[in-house]
Amino acid sequence: MAAENWLGALALGLPAIGMDLGDFGRLLCATEADGSAVARDPRTGAENRLSAVDESAAFLDHVVSQSGSRDLPQLQARRGNVERLPEVLAGEAPFDLAYARWVLCFVRDPAAVVRGVAQALRPGGRFVVHD
């Protein structure tokens with residue numbers, strides 16, 4: 001499924017709970033993706049903050065190098081294990097939305113990822129899983 005398709009599905013589902021992508025100011029991507037599909041959506045703006053977490057320094061270097069051409073100046077790359085998100089995100093403000101694509105099916109402890117995301121979200125924040 002293309003990134004635009006999952007984003008479209010997410011965007012279509014949010015009105016059912018009285019929300020749209022513009023309601024999310026801080027986005028966390030615990031995923032192989034850089035979050036560009038969310039941040040490029042016209043319902044989000046430059047004020048949206050995007051943090052991507054991955055263990056691979058090479059992948060994060062690539063994501064950062066591509067952020068300019070993808071019009072993502074708000075992207076912050078964090079190197080770390082998604083199973084240890086509280087440590088990786090120490091000191092971060094709470095996130096409004098977290099997105100994980102092809103993560104839970106590959107980690108040893110999916111429950112640790114879910115607990116970490118829950119701690120990283122503000123009260124009422126949303127966690128979208130695409131596995």
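This is a predicted model: local features need pLDDT of at least 70, side-chain atom pairs count only at pLDDT 80 or more; totals for chains, interfaces and linings use all residues.
The protein chain comprises five helices and five strands. Read from the N terminus, these elements follow the order α-β-α-β-α-β-α-β-α-β. Of the 131 residues in the chain, 47% count as buried. Among the contacts with a separation of 6 or more, 68% are accounted for by residues 24 or more positions apart.

Strand β4 spans residues 95–101. Seven of the seven residues of β4 are buried, so this strand is largely enclosed by the rest of the structure. β4 is paired with β5 in the parallel sense, and the pairing extends over six bridges. Within this pairing, R126 of β5 is the bridge partner of L97. A salt bridge is also present between D96 and R122, whose closest N and O atoms lie 2.7 Å apart. R122, at 26% relative accessibility, counts as partly exposed.

Strand β2 covers residues 49–54 and includes D54. D54 is buried but takes part in no salt bridge. The nearest side chain of opposite charge is that of R79, at a distance of 7.4 Å. The side chain of D54 instead reaches the backbone nitrogen of S56, at 2.8 Å. S51 is also placed in strand β2, and this residue is buried, with a relative accessible area of 2%. The C-alpha atoms of S51 and F95 are separated by 9.2 Å, although the two residues are 44 residues apart along the chain.

Helix α3 is formed by residues 57–67, and L60, V63 and S67 are buried in this helix. When viewed down the axis of α3, the buried residues fall within an arc of 60°, so they line one face of the helix. An α-helix has 3.6 residues a turn, so residues three or four places apart point the same way. The exposed residues A58 and D61 are carried on the face of α3 turned away from the buried side. The cover over the buried residues of α3 includes β2 and β3, the latter formed by residues 75–79.

Helix α5 extends over residues 110–120, and its buried residues are A112, V113, G116, V117 and A120. Seen down the helix axis, the buried residues of α5 fall within an arc of 135°, so they too line one face of the helix. A118 and Q119 are exposed on the other side of α5. R115 also lies in helix α5, and R115 is partly exposed, with a relative accessible area of 48%. The C-alpha atoms of R115 and E83 are 8.7 Å apart, while the two residues are separated by 32 residues along the chain.

In total, the structure holds four salt bridges. One of them is the contact between D96 and R122 described above. Another joins R115 to D109, with the closest N and O atoms 3.8 Å apart. D109 is partly exposed, at 31% relative accessibility. A further salt bridge is formed where the side chains of R84 and E87 meet, with an N to O distance of 2.9 Å. R84 is partly exposed, with a relative accessible area of 45%, whereas E87 counts as exposed at 53% relative accessibility.

Notes:
Residues are numbered from 1 along each chain as its sequence is written. Side-chain values use heavy atoms; hydrogens and water are left out. Helices (H or I, at least four residues) and strands (E, at least two) are DSSP runs, numbered from the N terminus. Buried means under 20% relative accessible area, exposed over 50%, partly exposed in between (1.4 Å probe, protein chains only). Lys and Arg count as positive and Asp and Glu as negative; His and the chain ends are not counted. A polar contact is a pair of N or O atoms within 3.5 Å; within protein, one must be able to donate a hydrogen and the other to accept it, and residues adjacent in sequence count only if both atoms are side-chain atoms. The arc is that of the directions from the helix axis to the C-beta atoms. Contact means heavy atoms within 4.5 Å. Two strands pair if DSSP finds at least two bridges between them.
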